[in-house]
Amino acid sequence: MQGIQNMNIMTKRTFLAAALVCTAMLGACSKGSEEASPAADAGGDAVKVGVLHSLSGTMAISEVTVKNATQLAIDEINAAGGVMGKQIAPVIEDGASDPAIFAQKASKLIENDGVVTVFGGWTSASRKAMLPVFEKTKNLLWYPVQFEGNECSANIMYSGAQPNQQALPAYDWAKEQGYKKMFLVGSDYVYPRTANLILKKHIEKDGLTLSGEEYQPLGGTEFSGVVGKIKAAKPDIIFNTLNGDSNVAFFKQMAAAGMGPKVVPVMSFSIGEQEAMAMGPSLVEGGYAAWNYFQSLDNEENKKFVAAYKAKFGGDSVITDPMVHGYLDVYAWKAAVEKAGSTDPDKVRAAAVTLDAIPTPLGMAKFMDNNSLIQTAYIGQSQADGQFKILWSSKEAIKPDPYDPVTFPGKTCKIG
Amino acid sequence: MDAIFLTGQLFNGFSVASLYVLAALGLALSFGLMRVINMAHGEILMLGGYLAYMAMSLFPGPLGLFVAMIFAFLGAGIFGGFLEISLVSKLTARPLDTLLATWGVSLIMQQAARDLFGATGVSVTAPAWLDGGLTLAGLQLPTLRLFILVSAIGVLLGMAAILRYTRIGLLVRAVNQDRPTAAAMGVNVRLVDCFVFALGAAVAGLGGVVLALLGPVTPSVGQSYIVTAFLVVILGGLGSIVGTTIAALIIGLITALSQIFVDVSFAQVLTLLFVIVFLQFRPQGVIAVKSRALDAE
């Protein structure tokens, strides 16, 4: 009997070890590169740039379209004669929703492919992982997504919103609406944690109530506990910093518990038109989102961009804020290269922050000397067709500030 | 801590456990009988999710969900049977090879799903009759979660009935207890293996439908469940249905109840810690299966 017991244990150990090894391998392997590299024709006359987004994994829901928009800008520029008379040859890599892979692919792009700049990244975890690579190689990353601030590197152009251009305007708007009890739900990584830290400081300063704060591992789909806590806390509004397809699970499970966005208002920082479409617009209908761009923005550049994107990627495509930032980044880079007369990352950066405003789908846009974009904040409400109705906009374009004075007093961003 | 919230979390624990049971049963069965570690099991869940998506697009009515369940059950079952015949049965004597081969299958399936349906995943909307909930003494139980719980109980009862009362069930038990003797007595062990593997896959297919109701269906969705499914199988005692069920309940309840005090990330840490400590004291799992198949090594 003892013998049998031991055998059983042996088998179990083998099984356990095998399972662990395989889990690790599964992780490692889903990260295989998806090298859809059309850079083959990159002769001596082409300028190589990197495009690095998650084309697989939990962030693919959001990042694939940013890659598309980046590619559209590159194609348009190439069709119009390229940059300084040279064609742009993009090298596309898959970051696979994993920060370590982002870092690895970034150094591959810079060191093996010799790209002069990289457009990419979405989660702050991926940006933080790539930062040392860009600083070490003195290359330049164009980062298209809203983020938590509290970072300032000469080697990254932050075109997405700083906290004072998205999270804080959204918070101020909610406060004006009379919402007093606020519940924070986010994915468990640096952006939601820092964004929520900033929100908490302001909630405290304004004497409002923080009725709960919950985190879910990135990609996590089990929200029963979080939903239970929201139900018990009865907040006036939820600030949602979940990223990727966790949102689908969150909204589904909230709806199942009778707390859809029409019952408990939700202000989301990472749900745009694309995510609303992919989730099924009925799931998020009535929910709020804060961005610096909505597809429904009424200006000429935007109409042109939306039409061009639809012509290339299908009539039922939708456009989101990070896509527009990904798109305008390429144009800003081109303008900066032409101003500098060089593709050298240092010179391009110096030119980029002194450029005049360029026309973009957001309106006229200009980078400040802290490498971030001056832009207007909007609050939209999700409609049945997946589009957002713009409810509110900041009175003027807001100057980016990576360090919220309430949360990080005394810190400023000084570059070069 | 108010009582309603506490009972709510208890209920959530059962609800989470029912999903884990559906995800882990097939793994437990095929390991118990054949000592095959099926790394593609998570992708069979994913297959169930996509089958549900297709069925519910074809039959959008209120009963579409039942069509989806049948569709996913049969579809995943047939796929499982095919996988067993074409691959697993050729490698049963070599556990590590099956592991690698099924891992390869899982990668192929993920890429196929990415190519067929796109990397962003698809959304399955629960039918309207699953909205809302029952209110019992101030405690609101979402209909969707009740439905999932009932489905899991149904699957467990069905499985138990098959094993206990049908001829094929008898053969499965015989092979599980002593494969060479059963074979010597004229039992077609190949057929039994194939049946069990297909049944396990079919149940995972149902699990995929449930998962589609609660969260996103993406090419990589199987991977978020496979680790927990392995944990459940190990904790339960390899190859035991009762053990698997109890283990799923334990893990579901720990996950849900620890979330009263900590957030989801930390709840996962606690669950893993519990499993490690538990296995230190009871390495054979909740239920120790006395099967010659497991002793032969």
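Predicted model: local features only at pLDDT ≥ 70, side-chain atom pairs only at ≥ 80, totals over all residues.
Now for α8 of chain B, which takes in residues 189–214. This helix has 26 residues and spans 38 Å from first C-alpha to last, close to the 38 Å expected at 1.5 Å a residue.

Is α8(B) mostly covered or mostly open? Mostly covered: 23 of the 26 residues in α8(B) are buried. Cys194(B) is a buried residue too, because its relative accessibility is 16% and the cut-off for buried is under 20%.

## Chain A in outline

Chain A has 416 residues, and 63% of them count as buried. Its secondary structure comes to 13 helices and 15 strands.

If you look at contacts in chain A with a separation of 6 or more, 70% of them are between residues 24 or more positions apart. As for surface, chain A exposes about 14300 Å², with carbon and sulfur atoms supplying 54% of that area.

## The disulfide

How many disulfides are there over all chains? The count comes to one. The bond is formed by Cys152(A) and Cys413(A), whose sulfur atoms are 2.0 Å apart. As a reminder, a disulfide is a covalent bond between the sulfur atoms of two cysteines.

What does this pair tie together? Cys152(A) lies in the loop between β4 (141–143) and β5 (156–158) of chain A, while Cys413(A) lies in the segment after β15 (388–393), so the bond links parts that are 261 residues apart in sequence. The torsion about the S-S bond of Cys152(A) and Cys413(A) is about 75°, which means the disulfide is right-handed.

The two cysteines fall into separate accessibility classes. Cys413(A) is at 16% relative accessibility and so counts as buried. Cys152(A), with a relative accessible area of 24%, is partly exposed, because that value falls between the 20% and 50% cut-offs.

Conventions: Residues numbered from 1 in each chain as written. Chains lettered and ligands numbered in written order. Heavy atoms only, no water. Disulfide = S-S within 2.5 Å. Helix = DSSP H or I, 4+ residues; strand = E, 2+ residues; numbered from the N terminus. Buried < 20%, exposed > 50% of the residue type's maximum accessible area, 1.4 Å probe, protein only. Expected span 1.5 Å × (residues − 1). Contact = heavy atoms within 4.5 Å. Areas by Shrake-Rupley, 256 points an atom, 1.4 Å probe, with all protein chains shown as cover.
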